[in-house]
Amino acid sequence: MSMGLIDDELQEVNKLCQHVITGSKLVSCVQTMVRVEIRRTAFKHIVACIQFPSDYPRSPLLIELKSKTLSDKLLDGLTNVCEQEAKKILGKPQVLTVLKFIRNFIDENPLSCCYNEISAIKKDLSEADELKLKQKRSSLSLKISQGGYYFRTRILVPDIYPEHSISLEDVETNFPPLFQRYFVGQSKEIARQCIEAPAKPRKKNEAPFRPSPSLQPVVSFLVASVKQIPQESCQLCNKKCLPQDPELAETNENGESHVERVYCSHLFHLQCLITYMKTPPFHGGKKCPKCGQRIYHDKWRVSEKVAENRWGHQQARERELREVTEFLE
Ligand SMILES: [Zn+2]
Ligand SMILES: [Zn+2]
């Protein structure tokens with residue numbers, strides 16, 4: 001090992017590191033170990049531990065990367081490519097080149113902060129689905145399909161992830177509008193809950209709230225819902241809620257075969273639900289035949305009493321009508 005050569009390199013690293021590698025902090029810079037912290041955000045934070053092999057610089061540097069936040073698998077991969085970079089410049093000083101390479105990698109691969117989440121998401125997807133990573137735009141383009149139905153969106157991962165949550169853009173779907181609103185609204189809510197502390201006061205021994213990654217929770221919800229809904233039946237007539245051909249799905253929200261999603265999350269054809277809501281018994285409120293929960297829905301904010309009266313009036317009218325027709329016969 002050429003001690004003089006390493007000493008020269010250490011001096012150069014000492015002088016230049018913090019200037020040429022943005023967000024870096026030189027923790028130690030001696031023959032036995034060069035240790036540098038490289039930080040873009042609190043989450044995109046890597047500690048590089050570098051050692052000189054005995055025949056340096058004819059052999060590549062020995063590199064170990066650590067991070068409290070980034071995935072171990074990602075660090076393993078990055079370590080490998082760093083070694084490849086070092087091998088390209090054998091015989092020359094390698095430390096600053098490798099450190100620059102790490103910083104560039106963090107900058108050019110913003111999605112590396114959700115490496116584990118993306119691996120888990122891929123396992124949830126089927127052949128029919130699509131997931132493309134767009135590192136340049138720090139976004140993922142996702143298309144989930146079930147039969148002829150699909151939901152497509154671009155998911156933005158902000159630089160200050162996970163303190164800031166992901167967001168959905170350019171949503172495109174052939175589900176009826178009610179489901180589009182549900183998918184988007186619920187995704188926003190799930191993402192919000194990942195980064196905002198709940199309103200209720202925290203218990204004494206409870207750890208303080210910390211923002212958590214929102215990508216996987218949102219995508220898991222979307223995958224499960226998009227796959228499930230086209231297979232669900234109306235809880236009253238037991239036929240599939242949505243037609244097999246999305247082109248035939250009712251988009252008029254007052255149409256008979258429009259699909260309603262009530263408080264308990266079960267689905268009903270609008271006409272099936274209207275008939276059910278207007279038919280006795282009314283006592284105790286109308287309940288979902290599937291799960292037994294009360295049916296709450298903005299469209300039917302009528303009290304039991306009113307429903308009963310309406311039913312009574314309708315019956316009376318029908319009786320009158322019957323009497324009239326019978327009289328005419
Ligand atoms: Zn029905
Ligand atoms: Zn229900």
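I began with the confidence values of the protein and found the lowest in helix α8 (residues 304–328), at a mean of 60, and the highest in β7, at 98. The model is predicted, and I noted a mean pLDDT of 90 for the protein, with 89% of its residues at 70 or more.

**Entry 1: overview**

I recorded 8 helices and 10 strands as the secondary structure of the protein. Of the 329 residues, 25% are buried. I then looked up contacts with a separation of 6 or more, and 53% of them are accounted for by residues 24 or more positions apart.

**Entry 2: the nonpolar core**

I asked which residues have the most contacts inside the largest nonpolar core. They are Ile38, Ala48, Val98, Leu99 and Ile102, in a core of 58 residues. As background, I wrote down that nonpolar side chains tend to be buried together in soluble globular proteins.

Leaving aside residues up to four places away in sequence, Ala48 touches Val36, Ile38, Ile63, Leu65, Leu99 and Ile102.

Ala48 belongs to strand β3 (residues 45–51), where I found it on the covered face with Ile46 and Ile50. The uncovered face of β3 holds His45, Val47, Cys49 and Gln51. I compared this with the general rule that side chains in a regular strand alternate between the two faces of the sheet.

Next I looked up the partners of β3. Strand β2 (residues 33–39) runs antiparallel to β3 and is joined to it by 6 bridges. Between β2 and β3 there is a hairpin through 5 residues, and I noted valine 47 in β3 opposite glutamate 37. Strand β4 (residues 62–66) also pairs with β3, in the antiparallel sense and over 5 bridges. Here cysteine 49 has glutamate 64 of β4 as its bridge partner.

**Entry 3: the open sheet**

I traced an open sheet of 4 strands in the order β5-β6-β7-β8, with antiparallel pairing. Why is one side of β5 and of β8 left without a neighbour in the sheet? Strands β5 (130–134) and β8 (167–173) stand at the edges, so each has a single partner strand. From one strand to the next, the twist averages 15°.

I counted 5 bridges in the antiparallel pair of β5 and strand β6 (residues 139–146). One of the positions I checked was glutamate 130, whose bridge partner in β6 is lysine 143. I also saw helix α6 (residues 215–228) packed on the sheet, where it touches β6 and β7 (149–156). The direction of α6 makes about 20° with that of β6.

- The peptide bond from tyrosine 56 to proline 57 is cis, with omega near 5°, and I placed proline 57 in the loop between β3 and β4.
- The bond from proline 280 to proline 281 is cis, with omega near 5°; proline 281 is in the loop between α7 (270–277) and α8.
- Aspartate 170, in strand β8, has a positive phi near 50°. I listed aspartate 170 as exposed because it has 11 other C-beta atoms within 10 Å, and the limit for exposed is 12 or fewer.
- Serine 265, in the loop between β9 (259–261) and β10 (267–269), has a positive phi near 90°. With 13 C-beta neighbours inside 10 Å, serine 265 counts as partly exposed.

Terms used
Residues numbered from 1 in each chain as written. Chains lettered and ligands numbered in written order. Predicted model: local features only at pLDDT ≥ 70, side-chain atom pairs only at ≥ 80, totals over all residues. Core = buried A, V, L, I, M, F, W, Y, C linked by C-beta atoms within 7 Å. Buried ≥ 20, exposed ≤ 12 C-beta atoms within 10 Å, placed from the backbone. Contact = placed C-beta atoms within 7 Å. Helix = DSSP H or I, 4+ residues; strand = E, 2+ residues; numbered from the N terminus. Pairing = 2+ DSSP bridges. Axes fitted to C-alpha atoms, helices over the stretch in contact; angles between N-to-C directions. pLDDT = per-residue confidence, 0-100.
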